[in-house]
Amino acid sequence: MRIQRAALGAISLAVLAGAIVAVSTLGSAEEPRTEVSEPPRPTATRQAAPVVPTVPGWQVVTDKTAALTYEVPPGWTLAEGTETLESSSGVELGHLADFGPYLCQGAEYGRALSGSGLTHGDPGDTATELAAAVAADQYSDGSQTAQVTLSAPTPITRGGVRGTVVRADAEVTAESGDHCASTKGTVVVVALSTAAGTSVVVLAADADTGSTPSAPLVSPDELRTITDSVRPSG
């Protein structure tokens, strides 16, 4: 997964631990090579919320502005609170976390990320639009736009609050200019109608290892557990 891709490439970000790739790696004139080295060490991170997790050993993420809480596995890195990114649909995500950093051809990549934010509108429409946007943002590259397939919105109720879950599967089928990144990915958006507005959690994860099998993927069970942990708070 490359954080700086397509619409996200123009955003000025502090380095999100293990998940940023330099734009200069796209469209390189050199013969593509795949050189994978040891994962980069995380930069400064924030502390998990002081809340007992529903899954023992996991880290609790609480977004007070969006009035929601969710949990991520202990191996995920929580980025500093000042770091944000914006989808091409205009939704700003904060409280970022990422998993599976690896170095390839001198650039940093990551296998998965999560973030939360606050927007407006119907949860079903919001989740659908945001899932499509993030999937295209993360898995398109300089030579092609990813094919994105959306699930039907699934109504949910969490803590007495109604919401929607939408899944997007992204794939690039032609030869990619970046041989370090995955060609398939999954994006899940949970949107809840909280007291703060339409609160969202976004999960994005590689679905194949591409040419870098040494960097492990997030398991489907972990993605499901993270999704199921999203709930209103505060």
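How many of the eleven residues of β13 are buried in this model? The legends below, which describe a predicted model, take up that question after an overview of the chain.

**Figure 1. Overview of the predicted chain.** The model, which is predicted, contains two helices and 15 strands. Of the 234 residues in the chain, 50% are buried, and the chain exposes about 10400 Å², of which carbon and sulfur atoms supply 52%. When contacts between residues at least 6 apart in sequence are considered, 64% of them join residues at least 24 apart.

**Figure 2. Strand β13 and its two antiparallel partners.** Nine of the eleven residues of β13 are buried, and the strand is thus described as mostly covered. On one pairing, β12 and β13 run antiparallel and are joined by nine bridges, and within this pairing D169 has T186 of β13 as its bridge partner. On the other, ten bridges join β13 to β14, again with an antiparallel course, and here T186 has A205 of β14 as its bridge partner.

**Figure 3. The largest pocket and the elements that line it.** The volume of the largest pocket is about 310 Å³, and its lining consists of 14 residues, with R167, T186, P220, L223 and R224 lying nearest the centre. Two or more lining residues are given by each of the elements β12 (161–171), β13 (184–194), β14 (197–206) and α2. Helix α2 provides the largest share of the lining, namely five residues. T186, listed among the residues nearest the pocket centre, is also the residue of β13 that is the bridge partner of D169.

Figure 4. Three strands, in the order β2-β3-β15, form an open sheet with antiparallel pairing. Its edge strands are β2 (59–63) and β15 (231–232), each of which pairs on one side only. Between β2 and β3 (residues 68–72), which run antiparallel, there are five bridges, and Q59 stands opposite V72 in β3. Helix α2 (residues 220–229) lies across β3 and β15, and runs at about 160° to β3; α2 is also the element with the largest share of the lining of the largest pocket.

**Figure 5. A67 in the loop between β2 and β3.** Most residues other than glycine have a negative phi, and most peptide bonds are trans. A67, although not a glycine, has a positive phi of about 55°, and its place in the chain is the loop between β2 and β3. Is A67 buried or exposed? The relative accessible area of A67 is 11%, and because this is under the 20% cut-off, A67 is classed as buried.

**Figure 6. H95 within strand β6.** A second residue that is not a glycine, H95, has a positive phi of about 50°. Whereas A67 lies in a loop, H95 is found in strand β6, which covers residues 92–99. With a relative accessibility of 26%, H95 counts as partly exposed, because that class takes in values between the 20% limit for buried residues and the 50% limit for exposed ones.

Notes:
Residues numbered from 1 in each chain as written. Predicted model: local features only at pLDDT ≥ 70, side-chain atom pairs only at ≥ 80, totals over all residues. Heavy atoms only, no water. Pairing = 2+ DSSP bridges. Helix = DSSP H or I, 4+ residues; strand = E, 2+ residues; numbered from the N terminus. Contact = heavy atoms within 4.5 Å. Axes fitted to C-alpha atoms, helices over the stretch in contact; angles between N-to-C directions. Buried < 20%, exposed > 50% of the residue type's maximum accessible area, 1.4 Å probe, protein only. Areas by Shrake-Rupley, 256 points an atom, 1.4 Å probe, with all protein chains shown as cover. 1 Å grid on protein atoms, 1.4 Å probe; cavity = no way out; pocket = protein on both sides within 12 Å on 5 of 7 lines; lining within 4 Å. Points joined across faces, edges and corners; volume = space filled by probe spheres on them.
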